[in-house]
Amino acid sequence: MLLQHMQLGTQTQKLTKDTTLLQNEKCIIKTAAGTLTLPILVEDNPSGHLFIGKGEFTLDAIIETTRGAIGKPTTRDLNRPFLMFGEDTTLNQNLALATTQDLANYGYKSTEEFLKKAHETLDQFAHRRHGQFDINEDTHIFAFATEYNKWDILIAKRDKMVYASKEKVYITKNNDHSVSLESGSILVSRKGKTIVIDKGNILVDRDAP
Amino acid sequence: MSEENNLKEEMKRLKEEMNALKQQLQNMTNQRTQKRRGIYIDVDDRLAGVSDYINEVMKGVTEGIEGEIEKSIFIHPHAGQVKIIHRDRADREPPEHIEKPDLNKVANIMSALGQEHRLKILQELMTGGKYISDLQNALPEITTSTLSSHLDVLQEAGLVVQERVRGRYLITIPGRMAYKMSNMIVKQRDRHADTDAETEPSQP
């Protein structure tokens, strides 16, 4: 999927019920009923959705080591636009055409006004981003707009996950392999063996549980 | 003539005494040198030769020990015995230079630890992450609402963290340290209490 080839569909839809877009052992992304959405198309093929509405993103960026747990959960309200690449059958079942009232619930007086905001959002994401990514059935990529005009990115593929934000980078695979970078500290954990580099201190823990 | 002979005899005797004193002084100097190395072997003058030999051997042994453990310990210059002091302890900063902790934070952690049920919760979590149902089963004497309240206190103190997705409770690194430390304090105190009881004179 080439980022430059992305475009938005024209049919504004809404979620008819609260929907879980992603859930695994470490992460859950939920959107609230009434959230507005547009399909993202690549060469006319549906490849994802743009959402504007309400939701919640939770990531347990916690790494378990033999010396105890490190890290804490990250939770944020999804009250800014966000994108999801990758298809979801549950989502498609919970979609219906949005009415003028649905748009008004989020402050849009017309479909045009909403489409303008949606296009601005996609352009902002694609701006200066060149490249491509392949998405298969198991992979989902989320991009969350932040107050810093930056995007936090989450890539999830089965038990593998990468999250990158201004404050934190968190990578995990099957709970056995994890990497966390946060405010001056780096933690690498592999099958219970851990290396922590924190403010000039280095802790190496070789004891597997 | 006899007076001259007497004088000569006297001079000879004084010379011998002086030599004896010199020898004694030399021995004392040798002894002081050995004292500085932490080894002092007091022997009769008649065994001076043996003493020198033993001191030489001991000097070699001491140097050997020093060579083996050169960086970790040193021989303390204490008269009469070899005293081994750990270098890291000797190099430690004096107490007045130790960074003072934020006592408010310390008090908060101690307050979180200062409840038997909360210590039992930490004890359960030492074996791995637990759901609240696991904790309820393991600690039936604590009601559900009290258990939740204790977990809140432990989370507030940073001793426990809860996964938001799965809901498991995990003990943190500070939590594990605090639990172990509290156990160590109790063990140490009990050990001292036992020792005091043993040394206390029995009442008539």
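**Figure 1. The hairpin of β16(A) and β17(A) in the predicted model.** In this hairpin, two residues lie between the strands, and Lys191(A) takes a positive phi near 50°. The model is predicted. Strand β17 of chain A covers residues 193–198, runs antiparallel to β16(A), and is joined to β16(A) by six bridges. Which residue of β17(A) stands opposite Leu187(A)? That residue is Val196(A).

Figure 2. Strand β15 spans residues 177–182 of chain A and strand β16 spans residues 185–190. The two run antiparallel, with six bridges between them. Val179(A) has Val188(A) of β16(A) as its bridge partner. Two residues separate the strands in this hairpin, where Ser183(A) takes a positive phi near 30°.

**Figure 3. The open sheet β3-β4-β7-β8 of chain A.** Four strands make up this open sheet, in the order β3-β4-β7-β8, and their pairing is antiparallel. Which strands are at the edges? They are β3 (19–23) and β8 of chain A, each of which pairs on one side only. From one strand to the next, the twist averages 10°. Strands β7(A) and β8(A) run antiparallel and are joined by 10 bridges. One of the pairs is Glu56(A) with its bridge partner Asp77(A) in β8(A).

**Figure 4. The contact between chain A and chain B.** On one side are 15 residues of chain A, and these are in contact with 12 residues of chain B. Which elements of chain A give two or more residues to the side that touches chain B? They are β4 (27–31), β7 (55–65) and β8 (68–77). Strand β8(A) gives the most, with six residues. By type, the residues on this side of chain A are six nonpolar, three polar and six charged. For the model, the ipTM is 0.82 and the pTM is 0.68.

**Figure 5. Tyr108(A) in a loop of chain A.** Tyr108(A) lies in the loop between α2 (100–105) and α3 (111–126) of chain A. Is Tyr108(A) buried or exposed? Tyr108(A) counts as buried because 21 C-beta neighbours lie inside 10 Å, and the cut-off for a buried residue is 20 or more. Beyond its neighbours within four places in sequence, Tyr108(A) is in contact with Leu103(A), Glu113(A) and Phe114(A). In chain A as a whole, which has 209 residues, buried residues make up 34%.

**Figure 6. The largest nonpolar core and Leu159(B).** The largest nonpolar core has 53 residues. Which residues have the most contacts inside this core? They are Leu83(A), Phe142(A), Leu159(B), Val160(B) and Leu170(B). Strand β7(A) gives the most to the core, with five residues. Leaving aside neighbours within four places in sequence, the contacts of Leu159(B) are Ala112(B), Leu122(B), Leu154(B), Ile171(B), Thr172(B), Pro174(B), Gly175(B) and Ala178(B).

Figure 7. Chain B has eight helices and four strands. Along the sequence these follow the pattern α-α-β-β-α-α-α-α-α-β-β-α. Of the 204 residues in chain B, 11% are buried. The average pLDDT of chain B is 75, and 61% of the residues score at least 70. Where does the pLDDT stay under 50? One such stretch is residues 36–47 of chain B, for which the model has 23 contacts beyond four places in sequence. Residues 68–85 of chain B also have a pLDDT below 50, and this stretch has 28 contacts in the model beyond near neighbours in sequence.

Figure 8. Chain A contains three helices and 18 strands, and chain B contains eight helices and four strands. In chain A, 54% of the contacts with a separation of 6 or more are between residues 24 or more positions apart. In chain B, 46% of the contacts between residues at least 6 apart in sequence join residues at least 24 apart.

Key. Residues are numbered from 1 along each chain as its sequence is written. Chains are lettered from A and ligands numbered from 1 in the order in which they are written. This is a predicted model: local features need pLDDT of at least 70, side-chain atom pairs count only at pLDDT 80 or more; totals for chains, interfaces and linings use all residues. A residue is buried if 20 or more other C-beta atoms lie within 10 Å of its own, exposed if 12 or fewer, and partly exposed in between; C-beta atoms are placed from the backbone. Two residues are in contact if their C-beta atoms, placed from the backbone, lie within 7 Å. pLDDT is the predictor's confidence in each residue, from 0 to 100. Ala, Val, Leu, Ile, Met, Phe, Trp, Tyr, Cys and Pro count as nonpolar, Asp, Glu, Lys and Arg as charged, and the others, Gly among them, as polar. Two strands pair if DSSP finds at least two bridges between them. A nonpolar core is a set of buried Ala, Val, Leu, Ile, Met, Phe, Trp, Tyr and Cys residues joined through C-beta atoms within 7 Å. Axes are lines fitted to C-alpha atoms, for helices over the stretch in contact, and angles run from 0 to 180 degrees between N-to-C directions.
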